[in-house]
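Open the model in your viewer and keep the selection tool at hand. Each stop below says what to pick and what is there.

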Amino acid sequence: MTRLWPDGDPIQVAGSADHPDQFFWQGQQHPVANIAKRWRVHVDWWREATHRDYFKLTTTTGLLVIIYHDLIHDTWFLQRLYD
């Protein structure tokens, strides 16, 4: 089972936009152990554009998640938590 936030749950990220080192979610720090996959989405450029970098990663705290960086607004979100 997974938990999905279609619009994302806001997080704070430390590191670079190309390589997040850790993120803070629900008052806890989650250092990144491994980035399994990275991809870019750029759609609807003719309307309200979506331009995001996605990361599927594991943390040293035992999470497997998908986070994304909204490149238009320079904000980060947790979108999916696998259990």
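## Stop 1: the core

Select Ile 11, Phe 23, Trp 25, Leu 57, Val 65, Ile 67 and Leu 78: these have the most contacts inside the largest nonpolar core, which has 13 residues. A nonpolar core here is a set of buried Ala, Val, Leu, Ile, Met, Phe, Trp, Tyr and Cys residues joined through side-chain atoms within 4.5 Å. Buried means under 20% relative accessible area, exposed means over 50%, and partly exposed is in between (1.4 Å probe, protein chains only).

This is a predicted model: local features need pLDDT of at least 70, side-chain atom pairs count only at pLDDT 80 or more, and totals for chains, interfaces and linings use all residues. Residues are numbered from 1 along each chain as its sequence is written, and side-chain values use heavy atoms, with hydrogens and water left out.

β6 gives the most, with three residues. Strands are DSSP runs (E, at least two residues), numbered from the N terminus.

Next, centre on Phe 23. Which residues does Phe 23 touch, leaving out those up to four places away in sequence? They are Ile 11, Gln 12, Val 13, Gln 28, Gln 29, His 30, Leu 57, Thr 59, Leu 63, Val 65 and Leu 78. Contact means heavy atoms within 4.5 Å.

## Stop 2: the barrel

Switch to cartoon view. Six strands close into a barrel in the order β1-β2-β3-β4-β5-β6, with antiparallel pairing. Neighbouring strands of this sheet are turned by 45° against each other on average, direction ignored. Axes are lines fitted to C-alpha atoms, and angles run from 0 to 180 degrees between N-to-C directions.

Follow the chain from β1. A hairpin of four residues joins β1 to β2. The two strands pair antiparallel over four bridges; strands count as paired if DSSP finds at least two bridges between them. Pick Ala 14 and find Gln 22 opposite, in β2.

Move on to β2 and β3. Four bridges join these antiparallel strands. Trp 25 stands opposite Gln 28 in β3. Two residues lie between the strands of this hairpin, and Gln 26 in the turn has a positive phi of about 50°.

## Stop 3: the aromatic cluster

Show the rings of Trp 39, Tyr 54, Tyr 68 and Phe 77: ring pairs link these residues into a cluster. Rings of Phe, Tyr and Trp (its six-membered ring) pair if their centres lie within 6.5 Å; planes under 30 degrees apart count as stacked, over 60 as edge-to-face and the rest as tilted. The count comes to five aromatic pairs.

Start with Trp 39 and Tyr 54. Their centres are 5.3 Å apart and their planes at 5°, so the pair is stacked. Trp 39 sits in β3 (residues 28-43) and Tyr 54 in β4 (residues 50-59), 15 residues apart. Trp 39 is partly exposed at 27% relative accessibility; Tyr 54 is buried at 8%.

Step to Tyr 68. The rings of Tyr 54 and Tyr 68 have centres 5.2 Å apart and planes at 40°, so this pair is tilted. Tyr 68 is in β5 (residues 64-70), 14 residues from Tyr 54. Both tyrosines are buried.

Finish with Phe 77, the bridge partner of Tyr 68 in β6. β5 and β6 (residues 75-82) pair antiparallel over seven bridges.
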